[in-house]
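Please look over the sequence and the model below, and then follow the text from the overall layout to single residues.

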Amino acid sequence: MEKLAHVVAFLLLASLFQPLMSQSDGCPGVKKETWPELLGVPAKLARETIQKEEPTLTNVQTVLNGRFVTQDFRCDRVRLWVNVLDFVVQTPRVG
């Protein structure tokens, strides 16, 4: 249990060091660009929350952490990086 607490603390601290500005400054109609509050929640709940808060984001993808993805930037996409238990392990962001 102590090890799990350390992992959670590490993930929360790591999210603080992510860039303050996202690349989505030019995305029209997008008011919220990151969801740090969704770190550690199930992917299904994270997807529902993002789509409720930002209906313009029509492409919310679930990606297993460590997988390769394209590096293109899209204003309608958010990737949910999840672990094998389907919990979000990186702060979701537009792109």
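A residue is called buried when its relative accessible area is under 20%, exposed when it is over 50%, and partly exposed in between (1.4 Å probe, protein chains only). On that scale, buried residues make up 32% of the 95 residues in the chain. The model is predicted, so that local features need a pLDDT of at least 70 and side-chain atom pairs count only at pLDDT 80 or more, whereas totals for chains, interfaces and linings use all residues. Residues are numbered from 1 along each chain as its sequence is written, and side-chain values use heavy atoms, with hydrogens and water left out.

**Confidence and layout**

The predictor's confidence in each residue is given as pLDDT, from 0 to 100; the chain averages 83, and 77% of its residues score at least 70. Over residues 18-24 the pLDDT is below 50, and this stretch has 10 contacts in the model beyond near neighbours in sequence, a contact being heavy atoms within 4.5 Å.

Helices (H or I, at least four residues) and strands (E, at least two) are DSSP runs, numbered from the N terminus. The chain has 2 helices and 2 strands, which follow one another in the order α-α-β-β from the N terminus on. Among contacts between residues at least 6 apart in sequence, 43% join residues at least 24 apart.

**The disulfide**

The structure holds 1 disulfide, a term for a pair of cysteine sulfur atoms within 2.5 Å. The partners are C27 and C75, with their sulfur atoms 2.0 Å apart, and the link is left-handed, with -75 degrees about the S-S bond. Because C27 lies in the loop between α1 (2-16) and α2 (43-53) and C75 in the loop between β1 (59-64) and β2, the pair ties together parts that are 48 residues apart in sequence. C27 is buried, at 6% relative accessible area, whereas C75 is partly exposed, at 31%.

**Salt bridges**

Side chains of opposite charge can pair when their charged atoms come close. With a salt bridge taken as a side-chain nitrogen of Lys or Arg within 4 Å of a carboxyl oxygen of Asp or Glu, the count comes to 4. The table gives some of them.

| Pair | N to O distance |
|---|---|
| K32 and E53 | 3.1 Å |
| D72 and R77 | 3.4 Å |
| D76 and R74 | 3.0 Å |

Salt bridges that share partners join K32, E37 and E53 into one network. In the pair of K32 and E53, distant parts of the chain are linked, since K32 is in the loop between α1 and α2 and E53 in helix α2, 21 residues apart. In the pair of D72 and R77, R77 is buried at 2% relative accessible area, while D72 is partly exposed at 38%.

**The surface and the segment after β2**

Accessible areas come from the Shrake-Rupley method with a 1.4 Å probe, and for residues only the protein chains shown count as cover. The accessible surface of the chain comes to about 6,500 Å², of which 63% belongs to carbon and sulfur atoms.

Patches are made of residues with over 30% relative accessible area and no salt bridge, like charges being joined within 9 Å and nonpolar side chains (Val, Leu, Ile, Met, Phe, Trp, Tyr) within 5 Å. One nonpolar patch, of about 390 Å², is made by L64, V84, L85 and F87. L85 lies in the segment after β2 (77-82) and is exposed, at 61% relative accessibility.

D86 is also placed in the segment after β2, and its phi is near 70 degrees, a positive value in a residue other than glycine. Most residues other than glycine have a negative phi. D86 is partly exposed, with a relative accessible area of 35%.
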